[in-house]
Amino acid sequence: MVRSLVDLLTTHASHHPDRTAFRYLVTGDHDGEIQEISYGRLAERSRAVAAWLQERGLTGSRAMLLYPPGPEFICGYLGCLAAGVVAVPGVPPQGRAQNHRALTRMKRLIADADAKVILGGREVITALSGMVEHLPDLADITLVVTEDIPDEAAASWREPDLTADSVAFLQYTSGSTSAPRAVMVTHGNLLANERVITERMGHTPDTIAEYGHEMFVSWLPVYHDMGLIGPVLNTVYLGVTATLFSPLHFLQQPRRWLTAIDRYRPHTSGGPNFAYELCLKHAGPELLDGLDLSSWKVAFNGAEPVRAATLRRFTDTFAPAGFRGEALYPCYGLAEATLMVTGSTVTAPPAVLQASETGPHSGQADAAAVGCGRPGPDVTVAIADPERHEELPDGEVGEIWVRGASVAKGYWRNALATRETFRAALTGHDGRFLRTGDLGFLRDGELFVTGRLKDLIVIDGRNHYPQGLELTAEMAHPALRPGCTAAFSVEAGDVGAGDAGAGSGAGADGEQPVVVAEIAPDSAGEAEKITDVVRSAIGEAHGLSVRDVVLVRPGTIPKTSSGKIQRHASRAAYLGGTLAVIDAPALS
């Protein structure tokens, strides 16, 4: 009986020791330096790390993982699982620009998780050793360069006493609406969610054989659930091969993602909606010439709103390279459910609901709602009235509630939040549900996500989804960057970045909508025109008078590690006057 991924790794290493588990493109280019690790070697290195942890009595404690992208992280993570140590993936400090943010988050995570040891690469551990003065907490924590642990240590590894309910790792949430919380993901949760991913994405034995075990290409950060649970752990679960490279290398040159797919011909690869937009931005003839994307069967798209316009444009642009629209695969998941909840149907185009004829985007194909697929095996999805805890009928918007073996144990050391979020009772249903905080509706079994409960904008008693306002703004003028707009509300008396106040035409009392949008600096000369166009579009489509439209520099809208807009952080920056404003046109 398989109890954990550790058991599966042992099986794969025994049956196929020489098969490549992970291929890492060191420079991001398939013709550059490449590191490979086989299943035999992966098992040996994981056991060596595990034995080191066991010998120091760390079983049951927490280990912070701070690695640059690459195989060492995977060895460290699986080593923790093999030792019965709770892994805590973190973001290593990197570069001056991100150093302060990463250090602040790392300090908070170390304290919250009560980590006893930090595992990492040599550069990271060396850097941390010099930071004890700034981070006194490090003085009491053991710092380990795992690549220095000798292979011989693996011989003393002892199989841990794991059950399905044993906590495997703490996955910190992305923090789109609140401070990140540590989700306790058990070994049973991991196995259950790998079954969901395998079934929903069509990773059948026949498909694996057809693809010669080449199943994934991924640049997604491995410290985030989408990059870890999907491409990394589904690879170990199935005993297949994945090609990985750094998120930074993708952001520097998005073409690297597509050329890696062309080179290694995987079945599955994906990312948030913004990743597809980045590829479109760089899709010149020099990229398309000779590119072959015909092997790509599952192009998953999740973690942020899936835009119909993005799906259409990506299909049209890359069709000459053999890409098929049926490969587009919107999906929905969250850390509290380990990862995947719903996924599209492989080989079928995404479900799209055209905008209502009486709605704000009537007649606009690019404003269509995109379905995120159906629940995986043994997963129940219900749409509930968040106040009455009653199930709502098909087509009616409510809070998305989830039940199943993938739903995590709860939040680490937070009994109150665990009870509120993971223990909801739904009238007419047995068992407890996870309250996701997301809003959506079901249509013929397909889930459509409409927004976040906490982000809902209520003006004069009417509900407005920020995604709707953001979409209207982005469709109103081409200078606005797709997926880089934040809409939120402020009190009438608050003073913000534009200092427009009630003079903008909003009501004198109550909540007033604000839109913050990234534009290219070369559009600054048109700032006044752009703000007028956005105001007019939102007024016409939603019947709202916008208090303020603030245009900011590219890359400055607060986002989570997975690319979700942080509207609460954007609101705080607006009220605090810390937005990177390109221009603040005078308002009469």
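This is a predicted model: local features need pLDDT of at least 70, side-chain atom pairs count only at pLDDT 80 or more; totals for chains, interfaces and linings use all residues.
Figure 1. Residues are numbered from 1 along each chain as its sequence is written, and side-chain values use heavy atoms, with hydrogens and water left out. Helices (H or I, at least four residues) and strands (E, at least two) are DSSP runs, numbered from the N terminus. Ser489 has a relative accessibility of 13% and therefore counts as buried. The term buried denotes under 20% relative accessible area, exposed denotes over 50%, and partly exposed lies in between (1.4 Å probe, protein chains only). With residues up to four places away in sequence not counted, Ser489 touches Ile457, Glu511, Gln512, Pro513 and Arg571; contact means heavy atoms within 4.5 Å.

Figure 2. S11 (residues 268–271) is covered on both faces. Thr268 and Gly270 lie on one side, Ser269 and Gly271 on the other, and all are buried. In a regular strand the side chains alternate between the two faces of the sheet. S11 pairs with S12 in the parallel sense over four bridges, and Thr268 stands opposite Val298 in S12. Two strands pair if DSSP finds at least two bridges between them. S12 (residues 298–301) also pairs with S13 in the parallel sense, over three bridges. In this second pairing, Asn301 stands opposite Pro330 in S13. Strand S13 (residues 328–333) is mostly covered, with five of its six residues buried.

**Figure 3. Helix H10 and the residue that follows.** Helix H10 (residues 255–264) has seven of its ten residues buried, so the helix is largely enclosed by the rest of the structure. The buried residues are Arg256, Trp257, Leu258, Thr259, Ala260, Ile261 and Tyr264. Arg265 follows H10 and has a positive phi, near 55°.

**Figure 4. Helix H15.** Helix H15 spans residues 466–476 and is mostly covered, nine of its eleven residues being buried. Among the buried residues of H15 are Pro466, Gly468, Leu469, Leu471 and Ala473. The buried set of H15 also includes Gln467, Glu470, Thr472 and Glu474.

Figure 5. Asp7 is located in helix H1 (residues 5–15). Its relative accessible area is 16%, and Asp7 is therefore buried. Neighbours within four places in sequence aside, Asp7 is in contact with Met1, Val2 and Glu159. Gly76 is located in helix H3 (residues 71–83) and counts as buried because its relative accessibility is 0%. Leaving aside neighbours within four places in sequence, Gly76 is in contact with Val49, Leu65, Tyr67 and Leu119. Gly76 and Gly483 are 407 residues apart along the chain, and their C-alpha atoms are separated by 34 Å.

**Figure 6. Ala569 in helix H17.** Ala569 is part of helix H17 (residues 567–576). With a relative accessible area of 33%, Ala569 is partly exposed. Ile557 is twelve residues from Ala569 in sequence, and the C-alpha to C-alpha distance between Ala569 and Ile557 is 8.8 Å.

Figure 7. Asp378 lies in the loop between strand S17 (374–375) and strand S18 (379–385). The phi of Asp378 is near 60°, a positive value in a residue other than glycine. At 69% relative accessibility, Asp378 counts as exposed. His389 lies in the loop between S18 and strand S19 (390–391). The phi of His389 is likewise positive, near 60°, in a residue other than glycine. His389 has a relative accessible area of 25% and is partly exposed.

**Figure 8. Context of the close-up views in the protein chain.** The protein chain contains 17 helices and 30 strands, and 59% of its 588 residues count as buried. Along its principal axes, the C-alpha trace spans about 75 × 55 × 55 Å. Of the contacts with a separation of 6 or more, 73% are accounted for by residues 24 or more positions apart.
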